[in-house]
Amino acid sequence: MDESWVNSAERIGADLHLELSGPGGRRAALIRALREAVRSGRLTPGTRLPPYRSLAADLGVARNTVADAYAELVAEGWLTARQGSGTRVAERAEPLRRPARVPRKTPPRARGPRHDLRQGTPDASSFPRAAWLASYRRALQQAPSEVFGPGDPAGRVELREALTEYLARARGVRTEPGRIVICSGFAHALRLLFGQDRGGGGGVLRGPLAVEAYGLGFHRGLLDAAGVRTVPLPLDEHGAQVERLGRERAVLLTPAHQFPTGGPLDPARRAAAVDWARARGGVIVEDDYDGEFRYDRKPVGAVQGLDPERVILVGSVSKSLSPALRLGWMVLPERYVDEVLAAKGEREAWVSVLDQLSLADFVSGGSYDRHVRRMRQRYRSRRDRLAAALATHAPHVEVTGVAAGLHAVLRLPPGTERSTVKAAAWQGVALDGLAEFRHPDTDMAARDGLVVGYATPSEHAYGAALEALCGVLPPGG
C-alpha cells in the first residue's frame with residue numbers, strides 16, 4: 001500500500017488503502033497488510049477501522065474474510081473491538097521506530113516588527129467575520145448550479161450590478177454592469193491594461209504614461225516590466241500639476257486622496273485633466289484606492305463622473321475590507337471593454353466566483369456600508385490620537401494628508417528622514433520614509449517625511465505604537 005491512512009480516531013468509513021499480496025489466501029494477505037500498516041505508523045493507536053462491509057467492498061473480498069482478519073488481530077493484541085465503538089488500533093500497538101532524521105539547517109526566522117505603522121493595510125483584526133460569513137452562506141445557498149461551471153470573464157453579473165448601484169451612490173460614478181470588469185485589485189488591473197497579464201502582447205493602453213511624482217513604487221515596477229515609460233508630474237498643495245501633461249496618451253492619478261502625500265486633486269485640475277484627455281484622445285486611469293474614508297468634509301466624488309468615456313476607474317476592497325480577499329473592479333469606457341476581456345482571457349486570472357457572490361450580497365444587503373461607516377469612525381479616532389500625540393511630544397513635526405485615507409505624512413526637518421527611519425527600525429517600529437515613493441526621474445524638490453499607516457495596528461496595540469513612534473522622531477530645532 002503506497003498511500004497514507006488519515007490519522008483520525010473519529011472518522012468512520014474513511015478510505016483505507018491496503019495492498020493484498022504475498023503467499024497464502026486473501027485472509028492471510030489482509031492480516032499481513034494490516035499488521036504492516038500498524039507497524040509503519042500509517043494506522044496510529046486509537047484509529048477507527050472501516051466496518052467489515054465497507055472494507056470488504058473496497059478490497060473486493062468477502063465480508064467474512066475481513067471479519068476473520070479483524071478477529072485474529074484482536075486476539076493478537078493489534079486491534080481492539082468493543083460494542084458501539086467499532087474496531088480500533090490498540091493503544092499499546094507501537095509503530096515501527098524509524099531512524100532519527102538529522103534536522104536540516106535553516107536560517108532563523110526573522111522576527112516581525114513590534115509596532116507596525118506601515119501604510120497600505122487596514123486593521124486586520126477588524127475584518128467583519130460574522131457579517132461576511134452570513135453573506136458567504138447566503139451566496140452559497142442561493143447560487144444557481146451554473147455558478148460552479150465556466151463563467152463570464154467580466155465577473156458575476158450579481159456583483160457588477162451591486163457595484164453599479166453602490167459606486168453611483170457613494171462615489172458619483174456613472175456606469176452600467178456591462179462596463180465593469182472584476183479583477184483581483186489595482187496591480188491586476190495594471191497588468192490587464194498594460195499587457196502583462198498573459199505574457200505581454202502590447203496591452204490595451206500604450207505608454208508613455210504620466211504619473212504623479214510621488215506614488216507606489218510597486219506600481220512603477222509593474223509598468224517598467226511591461227515596457228511602459230512613466231513621466232512624473234510634480235505635485236503641489238492642489239495635487240498633480242496636470243497642466244504639465246504633454247504628448248502622453250494616458251495619465252495615472254489618485255484624485256480623491258493623493259498617494260502618499262495626501263489631499264484631493266483641485267476641482268479646476270480635475271476639469272483640466274478631463275479636457276486634456278478629450279483633446280488628446282487620451283484616458284485617465286483613476287486609482288480610487290481609499291475614496292470611502294474621508295473625515296473632515298463630504299467625500300470627493302470620482303473624476304470618472306465627469307466623463308465616463310475618458311476615465312478608467314479602478315477600485316478594490318483592499319483598504320475597506322482586506323487585501324486578502326483579492327477583489328477589485330475596473331469601470332471602463334465602452335471602447336475598452338472587449339480589449340480588457342480579451343487580455344483577461346477565457347479562464348485566466350479569475351477571482352473566486354463565491355467571493356464575488358459574497359461581496360455582491362455584502363454590498364447589496366447594506367453590510368458593506370455599515371462596515372465602512374464603523375471603520376471610518378475608528379480610523380478618524382486613530383488619526384486624532386496620532387495628531388494629539390504629536391502635538392504633545394513632537395509639536396515641531398507637521399502632520400499632513402489627514403483629511404482622508406488610512407495614513408498620514410509627518411514632515412521632518414531637512415536631512416533627518418533616513419536617520420529617523422533607521423532609528424525606528426532599531427526600535428522595532430516599521431514605517432515608510434517618504435523618499436521611497438519619489439519617482440526617480442522627477443525634477444520636483446525632495447521632501448523629508450514619514451508615511452505612517454495609522455490603520456495597520458490592532459486597536460489594543462495602537463497606543464504603544466504611537467508611544468514608540470514619538471520616541472524615534474528627531475528633536476525640534
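1. Glu248 lies in the loop between strand E8 (239-240) and strand E9 (250-253) of this predicted model. Is Glu248 buried or exposed? Its relative accessibility is 9%, and residues under 20% count as buried, so Glu248 is classed as buried. Apart from neighbours within four places in sequence, Glu248 is in contact with Pro208, Leu209, Ala210, Val231, Trp276 and Arg280. Val340 is 92 residues from Glu248 in sequence, and the two C-alpha atoms are 20 Å apart in space.

2. Leu235 belongs to strand E7 (residues 235-236). With a relative accessible area of 6%, Leu235 is buried. Which residues touch Leu235, once neighbours within four places in sequence are set aside? They are Glu212, Ala213, Tyr214, Ala240, Gln241, Gln258, Thr261, Met444 and Arg447. One of these, Tyr214, is 21 residues from Leu235 in sequence, with a C-alpha to C-alpha separation of 7.9 Å.

3. Strand E11 (residues 311-316) has six of its six residues buried, so the rest of the structure largely encloses this strand. Val311, Leu313 and Gly315 point one way from E11, while Ile312, Val314 and Ser316 point the other way; all are buried. The student can check both sets of side chains in the structure.

4. E11 has pairing partners that can be taken in turn. Strand E10 (residues 283-287) pairs with E11 in the parallel sense, over four bridges. In this pairing, Val285 stands opposite Ile312 of E11. Strand E12 (residues 328-331) is also joined to E11 by four bridges, but E11 and E12 run antiparallel. Here Leu313 has Val331 of E12 as its bridge partner. In general, strands of a sheet pair through backbone hydrogen bonds, in either a parallel or an antiparallel way.

5. The loop between E11 and E12 contains Arg326. Arg326 has a positive phi of about 55°, although it is not a glycine. Most residues other than glycine have a negative phi. At 38% relative accessibility, Arg326 counts as partly exposed.

6. A backbone feature of another kind occurs at Phe259 and Pro260. What kind of peptide bond joins Phe259 and Pro260? The bond is cis, with omega at about 5°. Most peptide bonds are trans. Pro260 is in the loop between E9 and helix H8 (267-280).

7. Strand E1 (residues 79-82) and strand E2 (residues 86-89) run antiparallel and are joined by four bridges. Ala81 has Thr87 of E2 as its bridge partner. E1 and E2 form a hairpin, with three residues between the strands. In the turn, Gly84 has a positive phi of about 85°.

8. An open sheet is formed by four strands in the order E13-E14-E17-E16, with antiparallel pairing. Which strands stand at the edges? They are strand E13 (398-400) and strand E16 (432-433); each has a single partner strand, so one side of each is left without a neighbour in the sheet. E13 pairs with strand E14 (residues 407-411) over three bridges, in the antiparallel sense. Within this pair, Val399 has Leu410 of E14 as its bridge partner.

9. The next points concern helices. Two packed helices are described by the angle between their axes and the distance between the axes. The axes of helix H1 (residues 26-39) and helix H3 (residues 63-76) cross at roughly 50° and come within 9 Å. H1 and H3 are therefore oblique to each other, and their crossing is right-handed. H1 contributes Arg26, Arg27, Leu30, Ile31, Leu34 and Arg35 to the contact, and H3 contributes Thr65, Val66, Asp68, Ala69, Tyr70, Glu72, Leu73 and Glu76. By class, the contact of H1 with H3 has seven nonpolar, one polar and six charged residues.

10. Helix H11 (residues 367-393) and helix H13 (residues 462-472) have axes that come within 10 Å and cross at roughly 35°. The crossing of H11 and H13 is right-handed. On the H11 side the contact is made by Arg382, Arg383, Arg385, Leu386, Ala389, Leu390 and His393, and on the H13 side by Tyr462, Gly463, Leu466, Leu469 and Cys470. The residues of the H11 and H13 contact divide into seven nonpolar, two polar and three charged.

Definitions and conventions:
Residues numbered from 1 in each chain as written. Predicted model: local features only at pLDDT ≥ 70, side-chain atom pairs only at ≥ 80, totals over all residues. Heavy atoms only, no water. Axes fitted to C-alpha atoms, helices over the stretch in contact; angles between N-to-C directions. Helix = DSSP H or I, 4+ residues; strand = E, 2+ residues; numbered from the N terminus. Parallel < 35°, antiparallel > 145°, perpendicular 65-115°, else oblique. Left-handed = near helix turned anticlockwise from the far one by under 90°. Contact = heavy atoms within 4.5 Å. Nonpolar A, V, L, I, M, F, W, Y, C, P; charged D, E, K, R; others polar. Pairing = 2+ DSSP bridges. Buried < 20%, exposed > 50% of the residue type's maximum accessible area, 1.4 Å probe, protein only.
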